[in-house]
Amino acid sequence: MIDDFRRNACPSLHAPMQTGDGLLVRMHMTEPCDPTDFAALCELAGQHGNGIMEVTNRGSLQFRGFGDASVAKFADDAISLKLPISIGVDVETGPFASMIARQLAKEIRRALAEEQLNLAPKLVIAVNDGSIGASADLSADIRVDLSIDKRWRIALGGTEESAHIVDFVEFNEVGSRVIGLCRQIAAHGPATRGRDLVIPTSPGLLKGPQLLKGENASVGLFSWGVDGEGSALGLRLSPTVQDARLFAQLCRTAAHHQGDLRFGGGKAVYFTGSRQHCTSLLEQAREFGFVIDSCDPRLAIAACAGAPACASAHYITKDLAETMAAEATPFLDGSVKLHLSGCEKRCGCRETRDFLLMGSPEELSLSLDGEMLATFSQADARREMAKLQRFVADRRQASETTRMTITRIGRAGLAAAFERN
Ligand code: SF4
């Protein structure tokens, strides 16, 4: 059944992946969505899966908890909604990209669909016009970034900062250059990524024009568009509120007004509309428990599905996330993240930076920046994490962030927080 699904005539829903709570489906929206249609998708996720919805760091959607039969049904029903689900290679734009950037992305998608190249399944092409929330710091295999002289910089394998520069070209040359690079990548086999191509950069290109920098779009209300005439509400789902059906309710409220729904880098969700509409939607989002405040400590916590949703989990990640969010201010001040993973698989918490609390059959292990700090039982988790917070709070100097304090104390010093009294 899974193989059948992978060969599905519409590859817009990525091949489902087996996880501890069943099959996971990931999809990317290429354009702003109609909130009513998206509400229907969320209802389907609750009907066929376990109703857990996540937004990834790249702004893709994940729905979890499907079986072999239900995932195929979900895929069929989702396709029938006619949402702008990505087909084939991911060609990403920012959530507030201009018409020109969207058109460019569309042309690249169309050309790639005709070429049928055998490319790595995770290959990403980013078209970045410097618009709000464009996430220049997300890595891509091929980058197309707009410069201040209106030419587009073509680069390989990296973020806006780190990618290897190939050329600066005019708008009408972008498509052919990108497809040419894709052909070169495909010629080296389906495991090849953009960073693997060796193309020398001429020294002149390194002094090329600056790129347009997009503002970060935060959570809460903000203005966008020409002269800032548009309004939007930015929010996050939060580790404790990932209920697709609850999100569907918010979408249905949004559908009463003219506006749309967009997803962006950094797990961002945006509703657009009039200022009045976005303000009333913000109140409902707050009532439902979504994150609508940039100071919310939940922004610093990433938790996997955990027990009981996931059969592989060794602790209830969401409960601990809730406790930490309620009790851990100012520890979770945004300068460090806390990743809560129910088992060693670490779904959604791949980074080795920051704090990671990982479950195993015997105990929970807490590491910092990839190095072990302490181990303790599940029953002691809340008490031990509270000890860590108090330890850091007692040593925090004026105007220090948590990251600054723990860097000054050092990992060995921090381990003293867990010494038995
Ligand atoms: S990391 Fe979490 S969601 Fe993933 S398999 Fe382990 S317990 Fe399940």
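Analyst: Start with helix H11, which bends by about 80° at Ile-409. Keep in mind that this is a predicted model.

User: How far apart are the end C-alpha atoms of H11?
Analyst: They are only 15 Å apart, although H11 runs over residues 402-415 and has 14 residues. A straight helix would reach 20 Å at 1.5 Å a residue.

User: Which residues of H11 are buried?
Analyst: Thr-402, Thr-405, Ile-406 and Leu-414.

User: New topic. How do H2 and H7 cross?
Analyst: Helix H2 covers residues 35-48 and helix H7 covers residues 244-254; their axes come within 8 Å and cross at roughly 165°. H2 is therefore roughly antiparallel to H7, since angles over 145 degrees count as such.

User: Is the crossing left-handed or right-handed?
Analyst: The crossing of H2 and H7 is left-handed. On the H2 side the contact residues include Phe-38, Ala-39 and Cys-42. On the H7 side they include Phe-247, Ala-248 and Cys-251.

User: Where is Ser-274?
Analyst: Ser-274 sits in the loop between strand S13 (268-273) and helix H8 (275-288).

User: What does Ser-274 touch, leaving out residues up to four places away in sequence?
Analyst: Ser-231 and His-257. Ser-231 is 43 residues from Ser-274 in sequence, but the two are 5.7 Å apart in space, C-alpha to C-alpha.

User: Why does Ser-274 count as partly exposed?
Analyst: Because it has 13 C-beta neighbours inside 10 Å.

User: Now the backbone. Which residues does a cis peptide bond join?
Analyst: Ala-307 and Pro-308, with omega about 0°. Pro-308 is in the loop between strand S14 (301-303) and helix H9 (317-327). Most peptide bonds are trans.

User: What is phi for Gln-116?
Analyst: Near 55°, a positive value in a residue other than glycine. Gln-116 is in the loop between helix H4 (99-115) and strand S6 (124-128).

User: What about phi of Lys-267?
Analyst: Also positive, near 65°. Lys-267 lies in the loop between strand S12 (261-264) and S13.

User: Buried or exposed, for Gln-116 and Lys-267?
Analyst: Gln-116 is exposed because 9 other C-beta atoms lie within 10 Å. Lys-267 has 21 other C-beta atoms within 10 Å, so it is buried.

Note on methods: Residues numbered from 1 in each chain as written. Predicted model: local features only at pLDDT ≥ 70, side-chain atom pairs only at ≥ 80, totals over all residues. Helix = DSSP H or I, 4+ residues; strand = E, 2+ residues; numbered from the N terminus. Expected span 1.5 Å × (residues − 1). Bend = angle between axes of the 7 residues up to and from the residue. Buried ≥ 20, exposed ≤ 12 C-beta atoms within 10 Å, placed from the backbone. Axes fitted to C-alpha atoms, helices over the stretch in contact; angles between N-to-C directions. Parallel < 35°, antiparallel > 145°, perpendicular 65-115°, else oblique. Left-handed = near helix turned anticlockwise from the far one by under 90°. Contact = placed C-beta atoms within 7 Å.
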